Amino acid sequence: MTYQNYTLEQLQQIDAAHHLHPFTDHKDLRDAGSRVITHAKGPFIYDAAGNEILDGMAGLWCVAIGYGRDELADAAYAQMKELPYYNSFFRCSTPTPILLSQKLAEIAPSNMNQVFYGSSGSEANDTALRLVRWYWALEGKPRKNRVISRHMAYHGSTITGASLGGMQGMHDQLGGAVPNIAHVMMPYAYELAQPGESDHDFGLRAARAVEDEILRVGADNVAAFIGEPIQGAGGVKIPPASYWPEIQRICRQYDVLLMLDEVITGYGRTGDWFAAQSMGIEADTITTAKALTSGYQPLSALFVSDRVAATIVEKGGEFYHGYTYSGHPVACAVALKNIEIIEREGMIERVRDETGPYLAKALKERIEGHDLVGEVRSFGFLGAIEIVRDKATRQRFQPGGSAAVLIRDHAIANGMMLRATGDTMILSPPLIWTKETIDMACDRIVKALDLAKEDLRNAG
Ligand SMILES: *Cc1c(COP(=O)(O)O)cnc(C)c1O
């Protein structure tokens, strides 16, 4: 790579002139100039201005095993030399997706033994929607095709992903969503529980919003419910423990399929291979991507339950669906090595037994008492910090989200990559963080909160 021949300013100019970015206000980006990340090692990223930043987001929720893993580069190199590409269409296959499928079936919940590959979470959700609707058609119920999702859900950015998702801003730009998808309330107790309502009762009420929708349109018209076990991009919303068992009960009672989107929660983040296992949920499809390769290659795997797979195989004939890069040999080689490393280094057990509980404790003891913080919450290695003007009334700063962005900018300037979603700061560290890394992160977050508090006080 010869980017070293360019100055940072030159790279920023070229970027602004020719590169349209995802989820970006381009006028804003062109005024400010992009932050150019040039290299990374372990838990740190480095930008072209020479700053070292602790990556509290694992890239974009994906770099589970940290940066700079030669073994993944070597696996990709070896596979590229031997067979860089061949497809899995027309009765062909290649060795790495075959062996990855075996491994994934081994670690998945026991009712899931088959996977369909794509290159992104959005593609996997597109496949999942097609599969569940086709399943019901094959079962003689073509009208059972509606899907229930939640407000603020994130299921990707293609038209299907955005339609399944519950982000109003995305819907407004779609010019027509995929039909027959409804959105109900999310299990977000901090904002939506009534005064005096227990977490348990709120969880049941949020789940029963799904039942209400099933009863409203008729169970014969509802194919599936889709949900992230913990809503990620929507603000790390961790449902009360009563929520998922009640959702499971409702799905079983009305014979509605359960689609889990584990694109963030999959591969160790919750202290198990999958959140389905952490929360005891039995699903019909599970969408995974991100940490499947730790982001070193683009790859998604959609798990399909034995029930759905049996119908597809027995009654379906050809599935007119697939991607050029389904089962890409290089991406699958990298995924195999990534999973081997997660296992070999005991990362999941460490998050479950040691670092996850330590992160929870550190957030409670060091962050929750801060004047700007209304609540902290975490599950495994997913965390959230609610930013408020008034702790007691939970009143937010105006305009919405502005205080969180201020904190984020102070955090980055002080060597800590964090994200702001609305009035919530979110955290999704690589699974390799140690107790010392968590302490370092908390030091930097406290500093950012203090600096923001000063700014906000000066602004009145
Ligand atoms: C990131 C994400 C997706 C979309 O994945 P892409 O690879 O960006 O298409 C889908 N669902 C969830 C929960 C995600 O976090």
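Predicted model: local features only at pLDDT ≥ 70, side-chain atom pairs only at ≥ 80, totals over all residues.
User: Which domains does the domain assignment of the protein give, and what distance separates their centres?

Analyst: The assignment gives domain 1 (35–65 + 346–459) and domain 2 (71–344). Taken over C-alpha atoms, the centres of domain 1 and domain 2 are separated by 27 Å.

User: How many residues of domain 1 are in contact with domain 2, and with how many residues there?

Analyst: Contact here means heavy atoms within 4.5 Å. On that basis, the residues of domain 1 in contact number 34, and their partners in domain 2 number 34.

User: Which residues line the largest cavity, and which domains do they come from?

Analyst: The structure holds one cavity of 30 Å³ or more, and about 30 Å³ of space lies in the largest cavity. Its lining consists of Trp61, Cys62, Ala64, Ile264, Gly266, Tyr267, Arg269, Ala291 and Leu431. By type, these divide into seven nonpolar, one polar and one charged. At least three residues of the lining come from each of domain 1 (35–65 + 346–459) and domain 2 (71–344).

User: What span should helix H16 have, and how far apart are its end C-alpha atoms?

Analyst: Helix H16 (residues 402–413) has twelve residues, and at 1.5 Å a residue it should span 16 Å. The expected span uses one less than the number of residues, because that is how it is defined. The end C-alpha atoms of H16 agree with this, being 17 Å apart.

User: Which residues of H16 are buried, and what do they pack against?

Analyst: Buried means under 20% relative accessible area. In H16 the buried residues are Ala403, Ala404, Ile407, His410, Ala411 and Ile412. They pack against strand E3 (52–55), strand E12 (382–387), strand E13 (416–417), strand E14 (419–421), strand E15 (424–427) and helix H17 (435–459).

User: Which residue with a positive phi follows H16?

Analyst: The phi of this residue is near 80 degrees. The residue that follows H16 with this positive phi is Gly415.

User: Which element gives the most residues to the lining of the second largest pocket?

Analyst: The second largest pocket has a volume of about 920 Å³. Of the 26 residues lining this pocket, Ser88, Val115, Phe116, Phe319 and His321 are the closest to its centre. Helix H5 (95–107), strand E4 (112–118) and helix H13 (306–315) each give two or more residues to the lining. The element that gives the most, with five residues, is E4.

User: How do the residues of the lining of the second largest pocket divide by type?

Analyst: Gly counts as polar in this grouping. The lining of the second largest pocket divides into 14 nonpolar, ten polar and two charged residues.

Technical notes: Residues numbered from 1 in each chain as written. Heavy atoms only, no water. 1 Å grid on protein atoms, 1.4 Å probe; cavity = no way out; pocket = protein on both sides within 12 Å on 5 of 7 lines; lining within 4 Å. Points joined across faces, edges and corners; volume = space filled by probe spheres on them. Domains from an automatic or database assignment. Helix = DSSP H or I, 4+ residues; strand = E, 2+ residues; numbered from the N terminus. Buried < 20%, exposed > 50% of the residue type's maximum accessible area, 1.4 Å probe, protein only.
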